[in-house]
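Here are my notes from going through this one. Have the structure open while you read.

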There are 2 protein chains.
Amino acid sequence: MTGTNQVLVCGGAGFVGVNLVRVLLSRGTRVCVADNFSRGSRANLREFEADPRFSVCEVDLADPSQVSDLVGQLSKSRPLDEVWHLAANSDIPAGIANPNIDLKDTFLTTVSLVNALRSVGTRTVYFASSSAFYGDLGDIELREHTGPLLPISNYGAMKLASEAFLSAAAESHLEQVMIFRFPNVVGVPATHGVLLDFARKLRKDRSHLEVLGNGTQRKGYLHVSDLVTAMLHLHDTVTEKRAVFNIGAVDAGVSVRQIAEGMVALVAPDARLEFGNSNRGWVGDVPKFHYSVDKLLATGWRPVLDSQSAMTRAMHEVARQEGLL
Amino acid sequence: MTGTNQVLVCGGAGFVGVNLVRVLLSRGTRVCVADNFSRGSRANLREFEADPRFSVCEVDLADPSQVSDLVGQLSKSRPLDEVWHLAANSDIPAGIANPNIDLKDTFLTTVSLVNALRSVGTRTVYFASSSAFYGDLGDIELREHTGPLLPISNYGAMKLASEAFLSAAAESHLEQVMIFRFPNVVGVPATHGVLLDFARKLRKDRSHLEVLGNGTQRKGYLHVSDLVTAMLHLHDTVTEKRAVFNIGAVDAGVSVRQIAEGMVALVAPDARLEFGNSNRGWVGDVPKFHYSVDKLLATGWRPVLDSQSAMTRAMHEVARQEGLL
């Protein structure tokens, strides 16, 4: 971090972005957030407004000229040292119904951004990829080098495409590309995900909770605070030209049933749980997977919260966000 | 192949396309070639013009409306049973200088095509991917599941992106996606590659031949006739929903020096060879690699020509094409 003066956080008004920006500012970094505010919101950024090192720019990151203008503007007074690219469509089912959503918001944002950096001399990109990247490989342990990579959602496909584009750029004008493959992350401000889904259903009707799938899907969850700590730990310690890290929980995870039961117990103890029949929640959902974070653990990082604790904390946070507590 | 009535070959006027179309027509299939004629040429298709089962359409495959019109038109009178997608930028160095070339011609062609197929009910796509896909993994043996996938050229990156997009589509509206990772292929009509480069340099000046790199790069080469045989063999025998096959030579390959010496001996015996210093020819070139075709061999296919024989035959073909013999 030493010497890092100014960074751009793309998608900085979204769930992970806001949590990252908070920590970056606390470390003394000058931060510009670029967001199209399709999922992220200005309200999420209100806490930073008084900070003179914070700025925000509404921009369609898939539009090459808008991105080019933005990075040109930022580079005028001081170098733009690095970019954190977290912008993406985060609604996987929407991206399956309409593949152009992920094409534009998940992939073409990466293309426009990387191409724009060429002219201003920014050489370092941190990229939020996804475990959806791996598709459904069954019981294989998912390590950073695992393949074949046959994603089952456009979201996963366009994250893979973005990684590939960044990797090629590291051969030409970028000097360092660090790729974080995100796990299932929980916390606030929640914009999507199982907890928000449950909270909103229960806010509408506290008598029952309908669960997509049969509830047996078990996944590891990481609290967003641990995710941000992991990213900054890697940022500070890893110097490889192209570095890829799975980030995730280190335990066996929790089932959808446990999450549903926990949320109901917290905000609507009398609600009836109604499960579906499939072990998949929706097309593109991967029922369970073994996600190796050995490479990350070898760097010395450990999560503070396990899946169950992360979920419990996030349940309270999301319930509060949705006015249920 | 039984029951295959009509197929679309995208990029059918290019090097591999022409060779594929010739065999498809000989098998009795109705073939429409779609090409933007940026690299492929109408002259390459002249031999098919008299065949009533052959048609050709000039189209920018990256343009969704043009592709949609084309497949709609083709589907009017009879079903469009399958699509062979071979269209791509094939000039790797050009794609590194300008990443938008591969974005558009190698990746967005795939997107437009796959999206267009949704409405006409075509469920089967054969896709020409590339060994460039794997990037530079050093001495690791490259199998279909090998990773991490960190391409070093935009061409490789956009092939990877295309594979990912196809894979996701196989979860929604496609029923079968077969991916062929092409090796170094030689033969005619040559539009790019080391043989054409040497032939053109020698046509201009028979006194010397400048070789990019130090000549030690050794690669396996497949003759295009063997490539087409391999693809059709897989087409006829493999039924997996998502199938990925490396296709390539089964021997240790030949060095650039051997190729240069062979070409000089054939067309300009007095030419002086001039080598560079690097073991890479250009940015994005992978010096040597171990490309496993075990999965393909397990299906019973064998190449007729080894690397040296493929190269010798192609040398004559390219020299003849360029008017040097």
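This is a predicted model: local features need pLDDT of at least 70, side-chain atom pairs count only at pLDDT 80 or more; totals for chains, interfaces and linings use all residues.

1. Chain A can be laid on chain B by a rotation of 180° with 0.0 Å of shift along the axis, and the RMSD is 0.0 Å. The two copies are thus related as by a two-fold rotation axis. If you want to find that axis, look for Ala161(A): among the residues of chain A, its C-alpha comes closest, at 2.1 Å.

2. Now the contact between the chains. Chain A puts in 31 residues and chain B puts in 31 residues. On the chain A side, the elements giving two or more residues are α4 (99-120), α5 (154-169) and β12 (242-246).

3. Do the copies use the same surface or different ones? The same, because 100% of the interface residues of chain A are also interface residues in chain B.

4. Over to helix α1 of chain B, residues 15-26. With 12 residues at 1.5 Å a residue, this helix should span 16 Å; the C-alpha atoms at its ends lie 18 Å apart, which agrees.

5. Several residues of α1(B) are buried, including Phe15(B), Val16(B), Leu20(B) and Leu24(B). What covers the buried residues of α1(B) includes the strands β1 (6-10), β2 (30-35), β4 (82-85), β5 (124-130) and β8 (184-186) of chain B, along with the helix α7 (224-237) of chain B.

Definitions and conventions:
Residues are numbered from 1 along each chain as its sequence is written. Chains are lettered from A and ligands numbered from 1 in the order in which they are written. Helices (H or I, at least four residues) and strands (E, at least two) are DSSP runs, numbered from the N terminus. The expected span of a helix is 1.5 Å times one less than its number of residues. A residue is buried if 20 or more other C-beta atoms lie within 10 Å of its own, exposed if 12 or fewer, and partly exposed in between; C-beta atoms are placed from the backbone. Two residues are in contact if their C-beta atoms, placed from the backbone, lie within 7 Å. Copies are superposed by least squares on the C-alpha atoms of residues with pLDDT of at least 70 in both.
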